[in-house]
Amino acid sequence: RIDNLFRHPSQIYEAIFEGIILFILLNFVFKKLIYKSPGFISALFLILYSLFRFFIEFTREPDVQIGYILFNLSLGQLLSFLFFMFGIFLFYKKNDS
């Protein structure tokens, strides 16, 4: 509680989801050899990381100098969406080969 407002420990959320859980999921996929072509793990990393980051950004307050950009989303969420789209593109591009 800071300034009489309840705050979320977003750094802890990021460490758990973008660090530990993402590492476990990618390691599981790599060890089980579920991937079909080179670049699959990279595409999966981009997709999962950007999803985790997008939703965790809702618990954070945007930077004062930037604020909300578009559709009441922060810059971090918009960048996460772009990386998510690039991950989807890479995923389909590598599976078509």
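The structure holds 8 aromatic pairs, where rings of Phe, Tyr and Trp (its six-membered ring) pair if their centres lie within 6.5 Å, and planes under 30 degrees apart count as stacked, over 60 as edge-to-face and the rest as tilted. This is a predicted model, in which local features need pLDDT of at least 70 and side-chain atom pairs count only at pLDDT 80 or more, while totals for chains, interfaces and linings use all residues. Residues are numbered from 1 along each chain as its sequence is written, and side-chain values use heavy atoms, with hydrogens and water left out.

**Aromatic rings**

- Phe55 and Phe58 make a tilted pair, with 6.4 Å from centre to centre and 35° between the planes.
- Phe55 counts as exposed because its relative accessibility is 52%, given that buried means under 20% relative accessible area, exposed over 50% and partly exposed in between (1.4 Å probe, protein chains only).
- The pair of Phe91 and Tyr92 is edge-to-face, because the ring centres lie 5.3 Å apart and the planes stand at 80°.
- Phe91 has 23% relative accessibility and therefore counts as partly exposed, and ring pairs link Phe91 with Phe40 and Tyr92 into a cluster.

**Overall fold**

- The protein chain has 3 helices and 2 strands, which are DSSP runs numbered from the N terminus (helices are H or I with at least four residues, strands E with at least two).
- Read along the sequence, these elements follow the pattern α-α-β-β-α.
- Of the 97 residues of the protein chain, 27% count as buried.
- Among contacts between residues at least 6 apart in sequence, 61% join residues at least 24 apart, where contact means heavy atoms within 4.5 Å.
- The accessible surface of the protein chain comes to about 7300 Å², and 69% of that area belongs to carbon and sulfur atoms; such areas come from the Shrake-Rupley method with a 1.4 Å probe, and for residues only the protein chains shown count as cover.

**Helix H2 and Ile47**

- Helix H2 (residues 40–56) has 17 residues and reaches 24 Å from its first C-alpha to its last, close to the 24 Å expected at 1.5 Å a residue, the expected span being 1.5 Å times one less than the number of residues.
- The buried residues of H2 are Phe40, Ala43, Leu44, Leu46, Ile47, Leu48, Ser50, Phe52, Phe54 and Ile56, and what covers them includes helix H1 (10–31), E2 and H3.
- Ile47, which has its place in helix H2, counts as buried because its relative accessible area is 11%.
- Leaving aside neighbours within four places in sequence, Ile47 is in contact with Phe84, Gly87, Ile88 and Phe91.
- The C-alpha atoms of Ile47 and Met85 are 7.8 Å apart in space, although the two residues are 38 apart in sequence.

**Salt bridge**

- The count comes to 1 salt bridge, where the term covers a side-chain nitrogen of Lys or Arg within 4 Å of a carboxyl oxygen of Asp or Glu.
- Arg53 forms the bridge with Glu57, and their closest N and O atoms are 2.9 Å apart.
- Arg53 counts as partly exposed because its relative accessibility is 22%, whereas Glu57 has a relative accessible area of 10% and is therefore buried.

**Nonpolar patch**

- Ile66, Ile69, Leu70, Phe71, Leu75, Leu79, Phe81, Leu82, Phe83 and Met85 form a nonpolar patch on the surface, with about 990 Å² of accessible area together.
- Patches are made of residues with over 30% relative accessible area and no salt bridge, like charges being joined within 9 Å and nonpolar side chains (Val, Leu, Ile, Met, Phe, Trp, Tyr) within 5 Å.
- Strand E1 (68–70) and H3 each supply at least two residues of the patch, and H3 gives the most, with 6 residues.
- Phe71, a member of the patch, has its place in the loop between E1 and strand E2 (73–74) and counts as exposed because its relative accessibility is 71%.

- Asn72 lies in the loop between E1 and E2, and its phi is near 60°, a positive value in a residue other than glycine.
- With a relative accessible area of 57%, Asn72 is therefore exposed.
- Asp96 lies in helix H3 (residues 75–96) and counts as exposed because its relative accessibility is 67%.
- The C-alpha atoms of Asp96 and Ser37 are separated by 9.5 Å, with the two residues 59 apart along the chain.
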